[in-house]
Amino acid sequence: MAEARKANDAKAKPASATAKSTNNFPWKIIIGIIVAAVIIAGAIFCIIQLTNKKDEGNKVEDDKTETAQTLENGKGSKLEAKYISLDGYNYKILAPSDFTEMSADQIAEDYGTSEAPDLVMTNKDNTVNLALSKPENALSDSQISDYLDAIEEVFDTAGAKEIKTNLTEINGHKVGEIKMVTDYTDEDIFNHMVFFSYDGKLAVISFNCLDDMRSEWGKVGEEMMKSLVINQ
């Protein structure tokens, strides 16, 4: 949530090609481009900041529950879904139940970067992916809005297309959201990412698919992001 390769090395995995051989398309070169660019931009952004005050607000329980277990695709079909999360972190997001978790070896092979996400869920063809990265670089809740502006500029400079941003709030946490289309040779990749501050650090969730799959899967990605629950 990918080819701002013009913007630095990266971290979120775009989906593999469908009509073409999924084994031959050079994902190792482009897989890392989006989330790592976000992380890198975050590091630069935080260095520039003079303050890093931790927000203090009353925490309330999120109204999302385990009853939300379906996602709808662009064809109107319902997909069974389940919540996934990173061990030790109190936030979760829905993913289709038939998505499988990549092994550590698969992630290392596919992503080919030290900035690879920590959890990747993928469909059976490895053409649609949801990636979660553990919070790392310092970023406070009060910096999310400025950070969203910063990464929008990063990707705009890198040549990303159809950039759209949004700022929402979940359980007292500001959540930045960015959608865009990035290109690699003859392939366009649709990217949808959300990020927020967790324990004063930047947490990133990224959804990717080939842009020609967006009509079907873009809505699934949208519903995934809307299902995000943050309990902290």
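Q: What makes E162 count as buried, partly exposed or exposed?
A: Its relative accessibility is 49%. Buried means under 20% relative accessible area, exposed over 50%, and partly exposed in between, with a 1.4 Å probe and protein chains only. So E162 counts as partly exposed at 49%. One note before going on: this is a predicted model, where local features need pLDDT of at least 70, side-chain atom pairs count only at pLDDT 80 or more, and totals for chains, interfaces and linings use all residues. Residues are numbered from 1 along each chain as its sequence is written, and side-chain values use heavy atoms, with hydrogens and water left out.

Q: Where is E162 found, and what is its phi?
A: E162 sits in strand 7, where strands (E, at least two residues) and helices (H or I, at least four) are DSSP runs numbered from the N terminus. Phi of E162 is near 55 degrees, a positive value in a residue other than glycine. For background, most residues other than glycine have a negative phi.

Q: Which loop holds N171, and what makes N171 buried or exposed?
A: N171 is in the loop between strand 7 and strand 8. Its relative accessible area is 10%, so N171 is buried. N171 also has a positive phi, near 50 degrees, in a residue other than glycine.

Q: Why is the contact between K161 and D188 called a salt bridge?
A: The term asks for a side-chain nitrogen of Lys or Arg within 4 Å of a carboxyl oxygen of Asp or Glu. The N to O distance for K161 and D188 is 3.2 Å, so the pair qualifies.

Q: What does the K161 and D188 pair tie together?
A: K161 lies in strand 7 (residues 161–170) and D188 in strand 9 (residues 187–198), so the pair ties together parts 27 residues apart in sequence. Both ends are partly exposed: K161 has a relative accessible area of 35%, and D188 comes in at 26%.

Q: How do you know that K179 and E222 form a salt bridge, and which parts of the chain does the pair link?
A: Their side chains meet at 2.4 Å, N to O, so they pass the 4 Å limit. The pair links distant parts of the chain, with K179 in strand 8 (residues 173–184) and E222 in helix 5 (residues 214–226), 43 residues apart. E222 has 21% relative accessibility, so E222 counts as partly exposed.

Q: How many salt bridges does the structure hold?
A: Eight. Among them is D211 with R214, the closest N and O atoms being 2.8 Å apart. R214 is partly exposed at 25% relative accessibility. E72, K78 and K219 are linked in a network of salt bridges.

Q: What makes the span of helix 4 close to the expected one?
A: The expected span is 1.5 Å times one less than the number of residues. Helix 4 (residues 144–157) has 14 residues and reaches 20 Å from its first C-alpha to its last, close to the 20 Å expected. Just after helix 4, G159 takes a positive phi of about 95 degrees.
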